[in-house]
Every structure is written in C-alpha cells, then in structure tokens.
Amino acid sequence: MPLWYVLRDAPEGEPGPRVWAWTYGASQKVRNLERDPRATLQVEAGEAYEELRGVMLECEVVIHRDFETVSPS
C-alpha cells in the first residue's frame, strides 16, 4: 500500500537516519501495527524497466501520536 514517508535524523548517539511515515491514526495500517509492530518497507525508483531499482527494509515500527514528536522541526 503506498505510504508517504520522510527521512529524519536519529536521536543523538543512535544510528540513523530513520524512516518516518504518516497515515491516519484510525487507519487499518495503524490497527495492524498496534497488534504486530513488524513491517516490511519497499522503496522503488525509476521509470523505464532498465532504470528500476529498489530496497526492502524489515523493520519494527514505533507509533508516535503526540504533536510535538510528529511535527516537523
């Protein structure tokens, strides 16, 4: 399922950057991740077949709901 994302710096002293994604808090995606925080992310780029490339990440998700954390700095 397509999802908006952005890279954000990790907290001081931790490896990074981190992938942050946004969706509605009442969405089925969030409900699924509340039950099981494991996720697989795939990022793709390219237009023509010979240009296609991508990466797949196996992740554990942390859900943030407070405005101070999720608002851009």
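## Fold

The chain of this predicted model holds two helices and four strands, where helices are DSSP runs of H or I with at least four residues and strands are DSSP runs of E with at least two, numbered from the N terminus. From one end of the sequence to the other, the elements follow the pattern β-β-α-β-β-α.

Residues are numbered from 1 along each chain as its sequence is written. In this predicted model, local features need pLDDT of at least 70 and side-chain atom pairs count only at pLDDT 80 or more, while totals for chains, interfaces and linings use all residues; side-chain values use heavy atoms, leaving out hydrogens and water.

## Dimensions and surface

The C-alpha trace spans about 40 × 30 × 20 Å along its principal axes.

Of the 73 residues, 7% are buried (buried: under 20% relative accessible area; exposed: over 50%; partly exposed: in between; 1.4 Å probe, protein chains only). The chain exposes about 6,700 Å², of which carbon and sulfur atoms supply 54%; the areas come from the Shrake-Rupley method with a 1.4 Å probe.

## Contacts and charges

Among the contacts in the chain with a separation of 6 or more, 26% are between residues 24 or more positions apart. A contact means heavy atoms within 4.5 Å.

The chain carries 8 positive and 13 negative charges, and their mean positions are 8 Å apart. Lys and Arg count as positive and Asp and Glu as negative, without His and the chain ends; each charge is placed at NZ of Lys, CZ of Arg, CG of Asp or CD of Glu.

## Ala39

Ala39 belongs to strand β3, residues 38–45. Its relative accessible area is 19%, so Ala39 counts as buried. Beyond its neighbours within four places in sequence, Ala39 touches Leu33, Leu57, Glu58, Cys59 and Val61. Tyr24 lies 15 residues from Ala39 in sequence, and their C-alpha atoms are 17 Å apart.

## The aromatic pair

The whole structure contains one aromatic pair. It is formed by Trp22 and Tyr24 and is edge-to-face, because the ring centres are 4.8 Å apart and the planes are at 65°. Rings of Phe, Tyr and Trp (its six-membered ring) pair if their centres lie within 6.5 Å; planes under 30 degrees apart count as stacked, over 60 as edge-to-face and the rest as tilted.

Trp22 is partly exposed, at 47% relative accessibility, and Tyr24 is exposed, at 60%.
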